[in-house]
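Q: Could we go through a few local features of this model? Please start with the terms you will rely on.

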Amino acid sequence: MPRAAFVTLSRVTVNIDPLVARMQGFGTTVFAEMTALAVRTGAINLGQGFPDTDGPAKLLETAAEAIRGGANQYPPGPGLPELREAVAAQRAERHSLDYDPSAEVLVTVGATEAIAATLLALVETGEEVVVFEPYYDSYAAIIALSGAVRRPVTLRPEGGRFTFDPAELRAAVTPRTKLILLNSPHNPTGTVFSRGELEVIADLCREHDLIAVTDEVYEYLTYDAEHVPLATLPGMRERTVAISSAGKTFSVTGWKTGWITAPPEFVRAVQTVKQFLTFTASAPYQRAVAYALREELAWVETLRTSLRSKRDRLTGGLEAAGLIAFRPQGTYFVQADVRPLGFADGREFTRVLHERAGIVAIPAQVFYDSDAGDPYVRFAFCKRDEVIDDAVRRLGRIAV
């Protein structure tokens, strides 16, 4: 962070740094930094997790038709009824979870706003939030904004995937704990939490009367495991705020159209905060996403098959270059251990990777509180086949 600026007025020194103390340390995100680096240098961007192709053509045309048809003013604050109905239908059909679209579904400006509004609504200053590290960087920022205390539980490699120690999770829960924030399928490790792992989390929530907030934005993008929503476990629907979005599912990350499904009292609380953040979300995109949830899931299955192939090619390239690559069960990302190449620090490795191979990736330590993430680097494989193949060829240069 830049140093605070000071001025002296009438012999009184005034700190004019505009950033509040609780946000000190949160500068420009590493994703923005790495994307800017890739653009500036022409490197292959395997850092930020956005696709380099568009979603289904009819989805895009539906949004354009909505704009041309006049859907350009404020939609209802809770979201268009047709989208809330489509979300509720999706949860019922895929997971046998019944939600009232008029009271238990809220449309948000992407999953990031959904997480922010949820924590601001449900967590008081000084209460604790248990979160699994590595975690998406917005989690730490919004926990800080809410005045809460972050209690990380580390995911570690075991059997070719990342998982947690149940004893460590239990030890993280204290009388001040208010909720557990869970991301599955998990960014950046690619772990899809098993039913057994979810049962451990559910037991703690029931025992300590905790709220569960589940980030499920990669729910459709799984490869070797089944995504099980935590809300499907006994006693969990009534204490879970489930979050998802259209961005990853339909390759329209720039649309920022997400939602929560939760019991009415949680939805009312989150909407109370959300209305003073963004009030509502884009009407044309909401209409198009409602269409896609009804009609474009076959396209999503094709996307999933394509991503599995890209995952396998990039993982193979990382392994051929001498890295230990953890084959993800879901998401857009492969996490790799750089120590076999003689590196102990992911930041150092990403610098060498950029200089020698012209590839930008994310040092995974930015997703950790502890030093457990120091030797890991995250690579995104949601790119065109020719980009993945070029990256695999370039990876051979890092051992030079």
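A: A polar contact is a pair of N or O atoms within 3.5 Å; within protein, one must be able to donate a hydrogen and the other to accept it, and residues adjacent in sequence count only if both atoms are side-chain atoms. Helices (H or I, at least four residues) and strands (E, at least two) are DSSP runs, numbered from the N terminus. This is a predicted model, in which local features need pLDDT of at least 70, side-chain atom pairs count only at pLDDT 80 or more, and totals for chains, interfaces and linings use all residues. Residues are numbered from 1 along each chain as its sequence is written, and side-chain values use heavy atoms, with hydrogens and water left out.

Q: What does the side chain of Ser282 reach at the start of helix 9?
A: A side-chain oxygen of Ser282 comes to within 3.5 Å of the backbone nitrogen of Tyr285.

Q: And which elements do the buried residues of helix 9 pack against?
A: They pack (contact: heavy atoms within 4.5 Å) against helix 2, helix 3, strand 4, strand 12 and helix 10.

Q: Turning to strand 4, are its faces covered or open?
A: Both are covered: Val105 and Val107 on one side, and Leu106 and Thr108 on the other, are all buried (under 20% relative accessible area; exposed is over 50%, partly exposed in between; 1.4 Å probe, protein chains only).

Q: Which residue is the bridge partner of Leu106 in strand 12?
A: The partner is Ile260. Strands 4 and 12 run antiparallel and are joined by 4 bridges; pairing requires at least two bridges found by DSSP.

Q: New topic: where is Thr331?
A: Thr331 sits in the loop between strand 13 and strand 14. A polar atom of its side chain lies 3.2 Å from the backbone nitrogen of Phe333.
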